[in-house]
Amino acid sequence: MADVATTASETLPSDAVAPAEPQDRRPQGPRRPARSRLPGRSRRRALAIAGEAAVSTGVALGFTLWARSVDVDPLVRIGQVSGLATLQFRAALIALPVLAAVLYAAHRASRRRFQHALRFGCAVVAGLGTGIVAGGIAVALHGTPWNLGGQDGDPAGLQGYAVSFLRGEGLPGIYPPGFIVLLAEWTRYLRHGQVGYALKDLQLLLSALLGPACYLAWRALLRPGWALAVALPAAVVFLDPIRPYSHLVMVVLLPLLARLLTELTRASGRPPRSAALRGALLGGALGLLFLTYCGWFVWTGPGALVAVAALFPWRGGRPAVLRAGVLLAAAAAAFCAVGSPLLLRMLQNASGTVDRYAYFDVYTDPAYVLGWHQDRPGRLTELPWRPAGELAGQGTFTLLLLTGVAVALALGLRRPAVIAALSCLVSAWLLRFWFAGHMERDQAVMLYPRTTWQILYALIALTVLAAMLAARTARALTARRFPARPFPSPTLGRRLAAGSLCAAALFAAMAASWSADRYQPRDPADQNMGMDAWRAHHLQRTDGTCSPYAAAGTCTAPHRLGRPAENTYPLLWCGNIPAEQWTAYCGAPAPWAKAQ
């Protein structure tokens with residue numbers, strides 16, 4: 001995305017030479033110590049970032065709350081379409097004045113005012129992207145206080161762990177405790193013991209905040225337009241409203257790792273105290289993410305260690321080595337201190353923890369990592385699933401991403417952001433095929449299909465970084481060859497940035513509606529993602545009544561929840577596979593068929 005907002009370090013290419021300033025030949029008097037403008041500039045930058053955060057989160061949460069007033073029958077397809085259309089109309093009411101202001105500023109305002117307009121315009125679009133998805137979930141659950149999934153599947157397990165924690169039975173094995181504790185405390189203080197109602201609140205809240213969180217994490221590395229170009233597609237595509245905390249960790253982890261690598265390359269120029277403080281803050285943030293969901297750390301860890309070793313200033317001299325060591329030591333200490341509750345349990349129990357649950361993606365081609373069918377299997381006649389491509393099964397989208405990887409490697413192999421994305425990609429790629437290759441022998445899945453999301457995310461990030469680096473390289477080459485005619489002109493750059501923001505807003509509207517539509521209630525017999533909202537509408541409320549939209553006005557009473565039982569089956573468990581097809585898919589008869 002074009003973006004003309006610059007920082008001091010990005011105004012000239014690294015090898016460009018600034019023109020010499022004319023000498024002042026007036027008599028020089030006693031010099032006064034120059035006042036540093038850095039503190040004031042830092043304060044202004046901090047205020048601007050805080051403003052972006054407030055705008056983005058405010059739009060996301062405000063739109064989700066506004067969506068709760070949409071009054072339609074969500075179990076009727078016409079009602080679902082009307083609800084989604086209402087969301088689009090309301091989103092346009094918010095976005096159009098903002099986009100008009102950015103377009104006006106691109107043509108009429110000063111450079112500084114345009115930068116402010118563009119910054120806040122990007123924040124609004126980032127908030128609207130996932131705000132529309134969360135609003136669509138609110139429409140799907142209109143009339144029921146229950147969460148997506150009701151008391152089935154993963155939502156049932158989360159509720160059971162939270163109830164068990166509230167009873168004083170402790171936390172589960174090595175499952176990350178962050179979300180469970182949050183759900184338990186939300187249930188205790190805000191939902192008066194109704195854990196399903198509390199889970200619905202958190203599903204909507206975290207779904208709405210995923211877009212702003214991803215955007216703000218990339219803003220620590222990139223200017224607003226480029227940060228939005230990475231964050232918007234990633235947030236909408238990877239958002240999983242049933243377990244939004246998991247993907248929130250994934251989309252924030254990569255830019256946070258890139259920021260740590262950036263600080264590592266700059267540590268030699270900072271005082272040890274500053275390096276230690278920055279390392280501690282980044283390590284603590286990584287520790288909080290680890291407590292929320294640790295799977296991404298397993299698949300990213302090996303690559304991250306290699307990236308740290310590659311960027312460590314081994315030849316920078318003793319001061320550089322010491323300061324980089326202080327940064328990494330502070331980051332490691334803060335990470336271990338914050339993540340210690342989970343780290344200790346993993347050291348004690350990790351060897352005995354095996355994931356044997358096989359689901360839809362386990363049965364598909366393991367080399368296809370550019371999409372997935374959905375969390376629900378659908379009909380087995382759709383297997384094997386993958387979109388048809390024009391070149392050896394690979395489509396235009398694949399070739400676009402691979403071109404982005406090539407350009408990023410050519411122009412940015414020494415840049416921390418590129419190295420971070422590349423390390424996540426390679427690490428997840430290798431571990432994916434390691435686990436998949438040993439799956440039959442070990443009778444363990446180890447959640448390897450989830451690396452699909454991390455690999456695709458890294459590819460998207462590399463493609464956007466490639467576009468940014470290509471634009472900067474073209475600008476630098478043009479400035480060298482035609483120094484008297486800089487290209488692009490400031491006005492053209494602003495117009496490109498404003499036009500790109502309008503296109504991004506339109507993408508956000510369409511992509512978010514596609515995502516929200518998948519979760520609209522549908523009969524569970526179809527085995528698709530709409531069954532989770534359907535289940536929520538067919539559970540009784542605390543007063544014994546049903547959702548006004550429940551089929552035939554009937555619903556079932558909720559059952560008492562407790563800590564989920566551990567699966568002791570020693571072989572792969574083929575989820576959603578009929579008994580007669582177990583042998584074909586998993587190589588063994590279904591256990592209940594054996595019993596008969």
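These exercises work through a predicted model of one protein, each with a solution in steps.

Residues are numbered from 1 along each chain as its sequence is written. Local features need pLDDT of at least 70 and side-chain atom pairs pLDDT 80 or more, while totals for chains, interfaces and linings use all residues; side-chain values use heavy atoms, without hydrogens and water.

**Exercise 1. The overall picture**

Task: State how many helices and strands the protein has, and what share of its residues count as buried.

Solution: 
- Step 1. Take the rule for elements: helices (H or I, at least four residues) and strands (E, at least two) are DSSP runs, numbered from the N terminus.
- Step 2. The protein has 19 helices and 2 strands.
- Step 3. Take the rule for cover: buried means under 20% relative accessible area, exposed over 50%, and partly exposed in between (1.4 Å probe, protein chains only).
- Step 4. Of the 596 residues, 49% count as buried.
- Step 5. Accessible areas come from the Shrake-Rupley method with a 1.4 Å probe; for residues, only the protein chains shown count as cover. The total is about 28,700 Å², and 62% of it belongs to carbon and sulfur atoms.

**Exercise 2. The nonpolar cores**

Task: Find which residues have the most contacts inside the largest nonpolar core.

Solution: 
- Step 1. A nonpolar core is a set of buried Ala, Val, Leu, Ile, Met, Phe, Trp, Tyr and Cys residues joined through side-chain atoms within 4.5 Å.
- Step 2. The largest core has 144 residues. Leu 183, Trp 218, Leu 222, Leu 228, Phe 238 and Tyr 457 have the most contacts inside it.
- Step 3. A second, separate core has 15 residues, including Tyr 363, Met 439, Trp 582 and Cys 586.

**Exercise 3. A glycine in a loop**

Task: Is Gly 149 buried or exposed? Which residues does Gly 149 contact?

Solution: 
- Step 1. Gly 149 lies in the loop between α3 (111-140) and α4 (153-166).
- Step 2. Gly 149 has a relative accessible area of 0%, so it is buried.
- Step 3. Contact means heavy atoms within 4.5 Å. Leaving aside neighbours within four places in sequence, Gly 149 contacts Pro 155, Asp 532 and Arg 535.
- Step 4. Gly 149 and Arg 535 are 386 residues apart along the chain, yet their C-alpha atoms are 5.9 Å apart.

**Exercise 4. Salt bridges**

Task: Follow the charged pairs that involve Glu 52 and Asp 517.

Solution: 
- Step 1. A salt bridge is a side-chain nitrogen of Lys or Arg within 4 Å of a carboxyl oxygen of Asp or Glu. By this rule the count comes to 13.
- Step 2. Glu 52 pairs with Arg 219 at 2.9 Å, N to O. Arg 219 is in helix α6 and Glu 52 in helix α1, 167 residues apart.
- Step 3. Arg 219 has 5% relative accessibility, so it counts as buried. Glu 52, at 0%, counts as buried too.
- Step 4. Arg 119, in helix α3, touches both Glu 52 and Arg 219.
- Step 5. Asp 517 pairs with Arg 77 at 2.8 Å, N to O. Asp 517 lies in α16 and Arg 77 in α2, so the pair ties together parts 440 residues apart in sequence.
- Step 6. Arg 77 has 39% relative accessibility, so it counts as partly exposed.

**Exercise 5. Positive phi**

Task: Where do Gln 443 and Ala 552 lie, and is each buried or exposed?

Solution: 
- Step 1. Gln 443 is not a glycine, yet its phi is positive, about 55 degrees. Ala 552 also has a positive phi, near 60 degrees.
- Step 2. Gln 443 is in the loop between α14 and α15. Ala 552 is in the loop between α17 and β2.
- Step 3. Gln 443 counts as buried at 15% relative accessibility, whereas Ala 552 is exposed at 77%.
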